[in-house]
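The stops below go from the whole chain to single residues.

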Amino acid sequence: MEKFTQLTGIVAPMDRANVDTDAIIPKQFLKSIKRTGFGPNLFDEWRYIDHGEPGMDNSQRPLNPDFALNQARYQGARILIARENFGCGSSREHAPWALEDYGFRVIIAPSFADIFFNNCFKNGILPIVLDADTVDELFQQTYATEGYELTVDLESQTITRPDGVSIPFEVEEFRRYCLMNGLDDIGLTLQHVDEIKAYEERRKQQAPWLFN
């Protein structure tokens, strides 16, 4: 998992409440477990005019010009701002995979669905909870300024606006440690690889019949 310490990036708006995981990555794209390749189908039903299926050439599909991610001013966005209860619905881990594969590393919203919130941390995305008024102000500034950027610093737990205003946020310390060190669940386990090998050797001596 890629480490996260600080990011300065363009902000894209997802100005809808209760965006569920089927909207983030529709069910027909859940056949792969490779974690990559889902970015072109992120928000597929809103992003394209036609119905998407796996294997389609997305470069040839008609785009919805009214959808934010299709607008030139939001191309290359790394930060997504959203409304309340983002990531509700099913627990599919493909949702953060699609967001990360598209290029998003930070999602800012007043609230998140619990399972989606946890899955973000496990897949290198930083979900930040801010009060609704602060999020609304970020929406207004994003709409008002083309190429609007924020700087997110996980070490200091601050978001810095272009005007220099700093917005604090809180992340649970263990999750912060994992993101800053690029550690998912497998990475955390591999930190103890020497102890695991030593245990396996002891078990071979204590119960050799288990290894025949």
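This is a predicted model: local features need pLDDT of at least 70, side-chain atom pairs count only at pLDDT 80 or more; totals for chains, interfaces and linings use all residues.

Residues are numbered from 1 along each chain as its sequence is written, and side-chain values use heavy atoms, without hydrogens and water.

**Whole chain.** Select everything. The protein chain has eight helices and seven strands; these are DSSP runs numbered from the N terminus (helices H or I, at least four residues; strands E, at least two). Of its 212 residues, 46% are buried, meaning under 20% relative accessible area with a 1.4 Å probe, protein chains only; exposed is over 50%, and partly exposed lies in between.

Seven of them form an open sheet in the order 4-3-2-1-5-6-7, with mixed pairing. Strand 4 (126-129) and strand 7 (166-168) are the edges, each pairing on one side only. Two strands pair if DSSP finds at least two bridges between them.

Select 158-160, which is strand 6. Strand 6 runs antiparallel to strand 7 over three bridges. Which residue stands opposite Thr-158 in strand 7? Pro-168 does.

**The helix on the sheet.** Select 114-122, helix 4. Helix 4 packs on the sheet and touches strand 3 (106-109) and strand 4. Contact means heavy atoms within 4.5 Å.

**Last stop.** Select Phe-211, in the segment after helix 8 (193-206). Phe-211 counts as partly exposed because its relative accessibility is 42%.

Note on methods: Axes are lines fitted to C-alpha atoms, for helices over the stretch in contact, and angles run from 0 to 180 degrees between N-to-C directions.
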